[in-house]
Amino acid sequence: MSERILRLGFPVKVMGKPDLKSNDARRPANNPHLKVSLEYIDRILDYCGRNDVGLYRMSSDIAPYATHPDMPQFHSMVRESEAELAAVGAKAKALGIRLSFHPSQFIVLNSPDAGLVLRSVWDLSSQAEMLDLMGLGPEAVLVIHVGGVYGDVLASRERWARTWETLPEPVRRRLVLEHDDLRFSAADTLWLHARTGVRLVFDHQHFWCLNPDGLDLRETVSRMLSTWPAGEVAKIHYSSPRTELREQRVVDRATGRKVLRPVAPVMTGHADFINPFEFVMFLERVAGLDFDVMLEAKAKDLALFRLREDLRRYGGALAARFGLSAAGRGADRAASGEAGADRAAADAGATDATDAGA
């Protein structure tokens, strides 16, 4: 078993302190800027540092309109923010917090539309530049999916591999590839690694949703971790599927009125919190492997705090892999607060939109 303490992280929105914004979301008329977003991230880093959070995924929108083709007035904001980017990067390193981006689903490198690919590369180049100006090492990555199938999985994989060869060096150095839950499986991304050398991210929920080749879980995790060079700590994504029955407001075709109807869950939806029993069983399956864990639960940081409490209670010796001890029981509950957790569950249940960032 690895002696390194495994790190847990969460993406973008801070649920435990709603006043902590993740990016400057003002409209173009109000001149939003990366410098404002970096002030927000600086405060989030303080929050993560106080609560021993080791990973944080920044919003892919921290540089608003920086690559919008019709708004050249915003195109220089990354260069204008060099000092602020360097300061945020230095703070993250001092606190031991690993930063990353997960660009949106509109970033597609295997599209038959050359214009879409060029715009995607522009976005990736901008985010890679920000990580470089932060002075962060190779573990600060850009996580993307393969993209669309366009009627032919093999041809789409091949287009992705050809695009990889044309990417700017900073993008290739930062880019990592994640399999998804509907289109491209773990086997597909392993094929792309063999073809290009791109590093891979294992996603636990996606693996169970889409594994047509019947790959073994532990072997797949091990193979994906081995795509990261020696000295670099790989990362994985972990979430639990949403299981509860929900009510959705729909228009009744017969009456034209809006009514509430029960909606069954789909296994590709993310739950608000992490099922601790399944997480413990996963850790047992991959015992001895070394990685960091980005939690993709809807309750964000509150799900992380709850999972740490659950690991202390249910994880036994496995809790030590995350530096958790029984003596700390209650600390995460105090950090988040039961009322905060309840609010987060309600807020997270109101929408099921996924951001690789949101």
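V176 stands opposite R199 in strand β6, where helices (H or I, at least four residues) and strands (E, at least two) are DSSP runs numbered from the N terminus. The model is predicted, so local features were required to have pLDDT of at least 70 and side-chain atom pairs pLDDT 80 or more, whereas totals for chains, interfaces and linings use all residues. Residues are numbered from 1 along each chain as its sequence is written, and side-chain values use heavy atoms, with hydrogens and water left out.

Strand β5 (residues 175-178) and β6 pair in the parallel sense over three bridges; pairing requires that DSSP finds at least two bridges between two strands. Between β5 and β6 the chain passes through helix α7 (residues 186-196), and this β-α-β crossover is right-handed, a term that applies if, with the strands pointing away from the viewer, the path from the first strand over the helix to the second runs clockwise. Strand β6 is also joined by two bridges to strand β7 (residues 235-238), again in parallel. In this pairing D203 stands opposite H237 in β7.

Strand β6 (residues 199-203) is mostly covered, with five of its five residues buried. Buried denotes under 20% relative accessible area, exposed over 50%, and partly exposed the range in between (1.4 Å probe, protein chains only). R199, V201 and D203 point one way from β6, while L200 and F202 point the other way.

The structure holds 22 salt bridges, each defined by a side-chain nitrogen of Lys or Arg within 4 Å of a carboxyl oxygen of Asp or Glu. One of them is formed by the side chains of D42 and K91 (3.0 Å, N to O). This pair links distant parts of the chain, with D42 in helix α1 (residues 34-50) and K91 in helix α3 (residues 82-95), 49 residues apart. D42 is partly exposed at 27% relative accessibility, and K91 is partly exposed at 23%.

The side chains of D132 and R173 form a salt bridge of 2.9 Å (N to O). D132 belongs to helix α4 and R173 to helix α6 (residues 169-174), so the pair ties together parts 41 residues apart in sequence. D132 is partly exposed, with a relative accessible area of 28%, as is R173, with 33%.

R157 and D188 also meet in a salt bridge (2.9 Å, N to O). Because R157 lies in helix α5 (residues 153-164) and D188 in helix α7, this pair ties together parts that are 31 residues apart in sequence. Both R157 and D188 are buried.

S111, in the loop between β3 (98-101) and α4 (114-133), is buried at 8% relative accessible area. Its C-alpha atom is 7.6 Å from that of S156, 45 residues apart along the chain. R285 is found in helix α10 and is partly exposed at 39%.

Zero disulfides were counted under the criterion of two cysteine sulfur atoms within 2.5 Å. C48 is buried at 0% relative accessibility, whereas C209 is partly exposed at 27%.
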